[in-house]
Amino acid sequence: ARAFRWKRMLESGEYATIAELAEREGMAPSYITRVLRLTLLAPDIVEAILDGKQGPDVTLAKMLEPFSLAWTAQPDHFGQIG
């Protein structure tokens, strides 16, 4: 949810840069960037997480690791979801 909120704030022009957003949120720009990547997850993965149907191996730390932008490859990285 946070990633999508930040994405909307950037797209709307409320904040011009990730650095500006990070300063407002009191977080490092690198963390903001990693969290924003979560908006690139396949919709079925996002839905499963929001429904609480992710497996025990799906942690925030795992989600913040680099992952493929190809939706078909994401299940291989995150394991069984849903």
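The largest nonpolar core of this predicted model has 21 residues. A nonpolar core is here a set of buried Ala, Val, Leu, Ile, Met, Phe, Trp, Tyr and Cys residues joined through side-chain atoms within 4.5 Å. Buried means under 20% relative accessible area, exposed over 50%, and partly exposed in between (1.4 Å probe, protein chains only). Trp6, Leu38, Leu41 and Phe78 have the most contacts inside the core. At least two residues of this core come from each of α1, α2, α3 (29–36), α4 (43–50) and α5 (60–64). Helices are DSSP runs (H or I, at least four residues), numbered from the N terminus. In soluble globular proteins, nonpolar side chains tend to be buried together.

The model is predicted: local features need pLDDT of at least 70, side-chain atom pairs count only at pLDDT 80 or more, and totals for chains, interfaces and linings use all residues. Residues are numbered from 1 along each chain as its sequence is written, and side-chain values use heavy atoms, with hydrogens and water left out.

Leu41 touches Val46, Met63, Phe67, Trp71, Gln74 and Phe78, not counting residues up to four places away in sequence. Contact means heavy atoms within 4.5 Å.

Helix α1 (residues 2–11) packs against helix α2 (residues 18–25) at about 125 degrees, with the axes 10 Å apart. Axes are lines fitted to C-alpha atoms, for helices over the stretch in contact; angles run from 0 to 180 degrees between N-to-C directions. That angle makes α1 oblique to α2. Angles under 35 degrees count as roughly parallel, over 145 as roughly antiparallel, 65 to 115 as roughly perpendicular and the rest as oblique. On the α1 side, the contact is made by Arg5, Trp6, Met9 and Leu10; on the α2 side, by Ile18, Leu21, Arg24 and Glu25. By class, the contact of α1 with α2 has five nonpolar, no polar and three charged residues. Ala, Val, Leu, Ile, Met, Phe, Trp, Tyr, Cys and Pro count as nonpolar, Asp, Glu, Lys and Arg as charged, and the others, Gly among them, as polar.

The axes of α1 and α3 come within 8 Å and cross at roughly 105 degrees. The two helices are therefore roughly perpendicular to each other. Arg2, Ala3, Trp6, Lys7 and Leu10 of α1 meet Tyr31, Ile32, Val35 and Leu36 of α3. Seven residues of this contact are nonpolar, none polar and two charged.

Arg5 lies in helix α1. Its relative accessible area is 30%, which means partly exposed. Beyond its neighbours within four places in sequence, Arg5 is in contact with Arg24 and Glu25.
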